[in-house]
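I opened this entry to look up confidence, surface and core. My notes follow the model.

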Amino acid sequence: PLVLSPFGIFVNQDSMWKSVMNGARITRFTMFTTFLFVVVVVVLGQGLDMLWNIPGDASWFSLIGILGHAFVVAGLVAATLIYYRDAGEYVQQRLQQIKT
């Protein structure tokens with residue numbers, strides 16, 4: 001449940017404890033989708049990391065692997081930030097519906 005907690009520190013400038021509480025709340029309300037999203041991110045990251053490591057160290061394809069790895073990881077981090085934002089909005093809407 002703490003996988004989304006670091007993003008609250010950077011996105012919302014929350015304190016550590018507030019970010020942990022918000023991350024846990026988001027994860028609790030969106031458990032299945034968060035689990036599925038984390039699995040997809042890990043599988044993509046690790047699978048493509050194995051692909052980028054295929055060329056030898058002395059090959060110029062290593063440069064392509066480094067650039068490809070940087071591009072993919074930056075995309076995965078951006079996707080995670082977008083997921084955090086959208087899941088936070090969803091949880092806020094659900095909490096407002098529950099209160100009324």
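Below I note what I looked up, topic by topic.

**Ground rules.** This is a predicted model, where local features need pLDDT of at least 70, side-chain atom pairs count only at pLDDT 80 or more, and totals for chains, interfaces and linings use all residues. Residues are numbered from 1 along each chain as its sequence is written, and side-chain values use heavy atoms, with hydrogens and water left out.

**Confidence.** I checked pLDDT (the predictor's confidence in each residue, from 0 to 100). The chain averages 90, and 99% of its residues reach 70 or more. I then went by element (DSSP runs numbered from the N terminus: helices H or I, at least four residues; strands E, at least two).

**Core.** I looked for nonpolar cores (buried Ala, Val, Leu, Ile, Met, Phe, Trp, Tyr and Cys residues joined through side-chain atoms within 4.5 Å). Buried means under 20% relative accessible area, exposed over 50%, partly exposed in between (1.4 Å probe, protein chains only). The largest core has 12 residues, among them Leu-4, Phe-7, Ile-26, Phe-37 and Tyr-84. Helices α3 and α4 are the elements that give two or more residues to this core. The largest share, seven residues, comes from α4.

**Ile-26.** I listed its contacts (heavy atoms within 4.5 Å). Leaving out residues up to four places away in sequence, Ile-26 touches Leu-4, Thr-34, Tyr-84, Ala-87, Gly-88 and Val-91.

**Val-77.** I found Val-77 in helix α4. Its relative accessible area is 40%, so Val-77 counts as partly exposed.
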